[in-house]
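Dear colleague,

Here is the structure I promised to hand over, with my notes on it below. Please read them with the coordinates open beside you.

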Amino acid sequence: MNKNFTIRENTTFKQAIQKLNQTGVKCLVVVDEKNKLLGTLSDGDIRRCLYKKVSLNSKIIKLIDFFE
């Protein structure tokens with residue numbers, strides 16, 4: 001199992017979904033290029049985005065406010 005539970009802010013929504021699936025965790029930590037915490041992305045956030053038809057090509061940083 002992959003122990004890296006962080007994703008960068010410029011990761012796409014689709015890549016984030018893939019990482020959640022690969023790691024088997026329920027939440028990923030979103031960080032910037034200096035590893036500063038920006039937020040989290042949970043499986044519930046993914047469901048809400050899919051329900052609202054968010055583009056899979058959207059960058060995570062654009063969705064941070066959407067999750068809160």
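Accessible areas here come from the Shrake-Rupley method with a 1.4 Å probe, and for residues only the protein chains shown count as cover. On that basis the protein exposes about 4,700 Å², of which carbon and sulfur atoms supply 50%.

Please keep in mind that this is a predicted model, in which local features need pLDDT of at least 70 and side-chain atom pairs count only at pLDDT 80 or more, while totals for chains, interfaces and linings use all residues. Residues are numbered from 1 along each chain as its sequence is written, and side-chain values use heavy atoms, with hydrogens and water left out.

**Overall fold**

The protein has three helices and three strands, where helices (H or I, at least four residues) and strands (E, at least two) are DSSP runs numbered from the N terminus. Along the sequence they follow the pattern β-α-β-β-α-α. Of the 68 residues, 38% count as buried; buried means under 20% relative accessible area, exposed over 50%, and partly exposed in between (1.4 Å probe, protein chains only). Taking a contact as heavy atoms within 4.5 Å, 43% of the contacts between residues at least 6 apart in sequence join residues at least 24 apart.

**The core and phenylalanine 13**

A nonpolar core is a set of buried Ala, Val, Leu, Ile, Met, Phe, Trp, Tyr and Cys residues joined through side-chain atoms within 4.5 Å. The largest such core has 14 residues, and those with the most contacts inside it are Ile7, Phe13, Val30, Leu41 and Ile60. The elements that give two or more residues to this core are helix 1, strand 2 (27-31), helix 2 and helix 3 (60-67).

Phenylalanine 13 lies in helix 1 and is buried, at 0% relative accessibility. Leaving aside its neighbours within four places in sequence, its contacts include Ile46, Cys49, Leu50, Leu56 and Leu63. Leucine 56 is 43 residues away from phenylalanine 13 in sequence, yet the two are 5.0 Å apart in space, C-alpha to C-alpha.

**Charged side chains**

With a salt bridge taken as a side-chain nitrogen of Lys or Arg within 4 Å of a carboxyl oxygen of Asp or Glu, the count comes to two. In one of them, arginine 47 meets aspartate 43 at 3.7 Å, N to O; both residues lie in helix 2 (residues 43-51), four residues apart, about one turn of the helix. Arginine 47 is exposed, at 53% relative accessible area, whereas aspartate 43 is partly exposed at 27%.

Aspartate 45 and arginine 48 also meet in a salt bridge, at 2.5 Å, N to O, and these residues are three apart in helix 2, again about one helical turn. Here aspartate 45 is buried at 7% relative accessibility, while arginine 48 is partly exposed at 44%.

Which side chain of opposite charge is nearest to lysine 19? Counting Lys and Arg as positive and Asp and Glu as negative, with His and the chain ends not counted, the nearest is aspartate 32, 14 Å away, and lysine 19 is buried yet has no salt bridge. Lysine 19 is found in helix 1 (residues 13-23) and, beyond its neighbours within four places in sequence, is in contact with Asn4, Thr6, Ile7 and Leu28.

**Cysteines**

There are zero disulfides, a disulfide being a pair of cysteine sulfur atoms within 2.5 Å. Cysteine 27 is partly exposed at 33% relative accessibility, whereas cysteine 49 is buried at 0%.

With best wishes
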